[in-house]
Amino acid sequence: MAEAYIYDCVRTPRGRGRNTGALHEVPPIQLAAQVLAALRERNQLDTSLVDDVVFGCVSPVGEQGAVVPRVAAIIADYDQNVPGKQLNRFCASGLEAVNTAAAQIMAGQSDLTIGGGIESMSRVPMGSDGGAWVSDPAVAYKSYFAPQGIGADLIATMHGFSRRDVDAYACESQRRAAEAWKNGWFQRSIVPVKDILGDVILDRDEHMRPQTTLEELGALKPAFTQMGEDFGFDAVALQRYPGVEQIEHVHTGGNSSGIVDGCGAVLLGTKEIGERLGLKPRARIRAFASIGSEPTIMLTGPAPSARKVLKRAGMNASDIDLFELNEAFASVVLLYMQDMGIPHDRINVNGGAIAMGHPLGATGAMILGTVLDELERRGLGTALINLCVGAGMGTATIIERMN
Amino acid sequence: MNQTLSLAVDADGIALITLDVQGRPMNVVTPALLEELGAAVERIRTDAAIKGAVITSAKADFMAGADLKWLLEAHAQIHDASTAMAFAWPLNQLFRQLETCGKPVAAAINGTALGGGLELALACHHRVAADNPATRIGLPEVLVGLLPGAGGTQRLPRLIGIPDALRLIIEGTHLNVAEAAAKKIVHQVVPPESLVATAKAWVLEHGNPVQPWDAKGFKVPGGAGGMDPRSVQTFMGGTALVAKRTNHNYPAPIAIMSAVYEGTQVPIDTGLKIESRYLSTLLLSPVTRNMIRTLFVNKGAAEKGARRPTGVPASKVTTLGILGAGMMGAGIAYVSAKAGMQVKLLDTSTEKAAKGREYTEKLVEKDVARGRLTPVKAMEIVTRITPVTDYQALAGCELVIEAVFEDRAIKADVTRKTEAVIPAGAVFASNTSTLPITGLAEASARPAHFIGIHFFSPVEKMPLVEIIVGRETSQETLARAIDYVMQLRKTPIVVNDSRGFYTSRVFGTYTNEGMTLLHEGVSPALIENVAKQAGMPVGPLAVLDEVTLELAYHVTQQTRRDLGDAYRPLSGWPVLQKMVEELKRLGKRHGQGFYDYPAEGRKRLWSGLASAFPAAAVQPEAEEVRKRLLYIQALETARCVEERVVTAAADADLGSILGWGFPAWTGGTLSYIETVGLSAFVAECKRLAARYGERFTPSPWLEARAARGETFH
């Protein structure tokens, strides 16, 4: 089997995902095109050698419909021979796209690929693509569908994470992200977004609230109480978890991932193509895996997917230097640390989506880059990138830095 | 000769179809109606002399729906998809033929149009309703476990939009004429005398024989399908609420959601097929049979005196005596006075007796405030109740009900005092919930006139009355007790004497099983949630808190004293004993029981339960807990049948649902056994007995019955 090497990682800064956000004026296809253009320029890439561009996108409708990566490659002046494909594994789409792009290389069917993801949540709102899971009564009923926030609160209830626990985690995420930005630890991968005249619109993550205090977080109203109690979703969740007396709603806008716009991409290739193009491999993909988990609580997939990928790589959790688990909700990370026995100083060391936001389809590709930058900065070897996924899934990838 | 309708063509060429199902007080869908309406539709379509039609009714109602007895008989014949579709499809198809007959048809809705009645009207091109305050319009099929399967799930949303239609169909709401007009379900409201003329005028002047949904470019108002965000919201929220309310026990509401969701995205002909398929799934479900049989057919029969001995002349209570003006006595006084009886409410002091009447004063005040009662009527009800202390006041009573403290000596005393003054032919009834009637009757000089009339609390809300026949009770006394309950418009069941009779006895197995589970280390949240998810209105621990653990404790001690050596401690006793004797948590009224009752917010399970009854490391599957809680009640009911405490399956079913809230989807305790299947039930009881104790052991009688395949109904 061929090895898949990572040659470069880029991402846009994340803009607040509302109509006052800096990236709201930028069509998603242009965000994607700027990222692809950046990969080309940074690596002096002969794009005719790119075998495929694989992008994840969670709401692939409207402006994000019709195979964004292929069209973005055209707009980014890639060679017309470069194909694109779009995939959806909900919140892990960006990582899944990297895994798929790597898989083509590992299978010996591609030499040079790009994996990434796009989501302009301010322009194509979450849920725009509907889906039978949500809207078809027979499907929602049989699968005990409940929105993610209910699952996040259920995890907190079942594992005794208090409102203060989740807020404290959120506060630390803000602190870490602010410090990383301050020290320039994200600089290597950030591609500022420009307008059509070439002026920079956004060059840093816009969602952060570095000044946030625990007291301020504690004053926010729980976000999912009404949905749970008035719309019946607590009852649906308890039908699956009858041992829980009632769900404690602890998650707020402050300790959940932010809604943002953004795009990220990763350049992958064989060892040979790197040598041919004069690119230095930064890391290699050791293994990747996805699993399905109980869909109603929905967010318990990370640990089982981590164990699966570790087994596939022949490794233990203790062999991993840094963990990057998407901060969908604070309770998801708290449960993961408890379940996997990971100390807080080895996971999400530069903060995560609670501070910087979670552009659904892009996040997986973004956080892979973030943690690779950090491995290099710290001179460490291995990282495990992991996301909880809608409908009860988990996706995980292990990378190993090249010296 | 037609049995269900007539067809007359007037000089203008308008065919007037007048529904009049022979031998029925109301028009209902029957096989004959189906056939004759089919012939009428065919004639309208093919007879060139006919320009259009008006459908109305010769009865007070337009049409009230399907004949439930016919449905129940049909259910027994439906056993696979093809027999179900063969039942579901013809009416649906007929109504479709009506609306596509090529000639304008108007419904002249003279009175109530429910279920199939409204569906018939919806299949007409125009609807005129008489301004009749008695008219009820709606699609209540969900209440019998069905969906409106003659186009109701397809036409109503196409007419008024999905959210409004779903609300009406899932709730089974009845509308009056004005509300139906406001929702644009009927087009015109006119005085009754000009109803048919107005409908005919529409046919002559406007008559458009094309339904909106058959017109080109039709769109469901307000949007439909998985691509319309409004519709997605409706179905996402609606499905969760259905799941919450049904706990997945009732198949009809979700079938309605699906029929509407899927059917409104396709042409109506396809939608009607989809609807019939979903109706077929319900026709194949035992829940549908259970609900129709118990909640409608058997309940209706019981209320019409199904258990009343024949040959006893009908009787009526004009003056009722009640002994004891406590909560039960006061409640009985209220419902009896409301039903028109004079009530002598007796207690040991004038204050106590008057306080009993205050209960009625408060209830009628509320009704007056809500506009349900005029102040004059309210005053009449209150003044029918006379608080008294002297037994002489009971001299003219045809029936006296004692509701004094549950103590044999006190009951014996009031019995003797009452019998000294009431007429020789009067009936004396005890409202005891636990003490055997035959024993109480020993204090009576005329035990043939002695009977148990067991009301449930709160009396004005609980529809069931359990009548207990003692060893000496005469058939005439029984008939008169049933007559009294029918006067109250409550539902009587008749059982024979036994400790706890039927309802209290079986209900006790539920609370006992709840405590036993706790004793075994099953998490209290799991016990309570599973019970509620199975369809019980309240978890076993919460209900013990309600009745108070103190009372349960005293009843148990009383039973122990009464039975002596024959007493066998209950499996849940250690929990009850510990809660009462050691932890002093006596129930809700005492502020603490299995639950804490904070001054603000909801009750919460007491956190101390975790140390008082430590949780087992491995918790059982919810399904196992559910089985234990339901099976133990069903099995105890079967024992009541074996011991002839219960002699009619309908009584067992009705008593369980209306008396203590056994889930309605089961059809009642005995219907539940039949739903599981007798053999499967017995086999499962044996497994449970081996695992959890001999209280689950089925008797040889039940095993033999199962082996013979002999059901209870």
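Author: Let us begin with confidence, given as pLDDT, the predictor's confidence in each residue from 0 to 100. Chain B averages a pLDDT of 96, and 100% of the residues score at least 70. This is a predicted model, in which local features need pLDDT of at least 70 and side-chain atom pairs count only at pLDDT 80 or more, while totals for chains, interfaces and linings use all residues. Residues are numbered from 1 along each chain as its sequence is written, and chains are lettered from A and ligands numbered from 1 in the order in which they are written. The model scores ipTM 0.93 and pTM 0.94.

Reader: How many residues does the contact take from chain A and from chain B?

Author: Two residues are in contact if their C-beta atoms, placed from the backbone, lie within 7 Å. Here 20 residues come from chain A and 26 residues from chain B. On the side of chain A that touches chain B, α4 (132–135), α5 (137–142) and α10 each supply at least two residues. The largest share of that side, 5 residues, comes from α10(A). Helices are DSSP runs (H or I, at least four residues), numbered from the N terminus.

Reader: Why is helix α10 of chain A described as largely enclosed?

Author: A residue is buried if 20 or more other C-beta atoms lie within 10 Å of its own, with C-beta atoms placed from the backbone. In α10 of chain A (residues 233–240), 6 of the 8 residues are buried, so the helix is largely enclosed by the rest of the structure. The buried residues are F233(A), D234(A), A235(A), V236(A), A237(A) and L238(A). Their cover includes α6 (148–159) and α9 (225–229) of chain A, together with α9 (229–246) and α20 (524–534) of chain B.

Reader: Which residues have the most contacts inside the largest nonpolar core?

Author: In soluble globular proteins, nonpolar side chains tend to be buried together. A nonpolar core is a set of buried Ala, Val, Leu, Ile, Met, Phe, Trp, Tyr and Cys residues joined through C-beta atoms within 7 Å. The largest has 367 residues, and those with the most contacts inside it are A32(A), L36(A), L368(A), I451(B) and I467(B). Helix α25 (residues 622–642) of chain B gives the largest share of this core, 10 residues. Not counting residues up to four places away in sequence, L368(A) touches C9(A), L95(A), V98(A), V266(A), I385(A), T397(A) and I399(A).

Terms used. A residue is buried if 20 or more other C-beta atoms lie within 10 Å of its own, exposed if 12 or fewer, and partly exposed in between; C-beta atoms are placed from the backbone.
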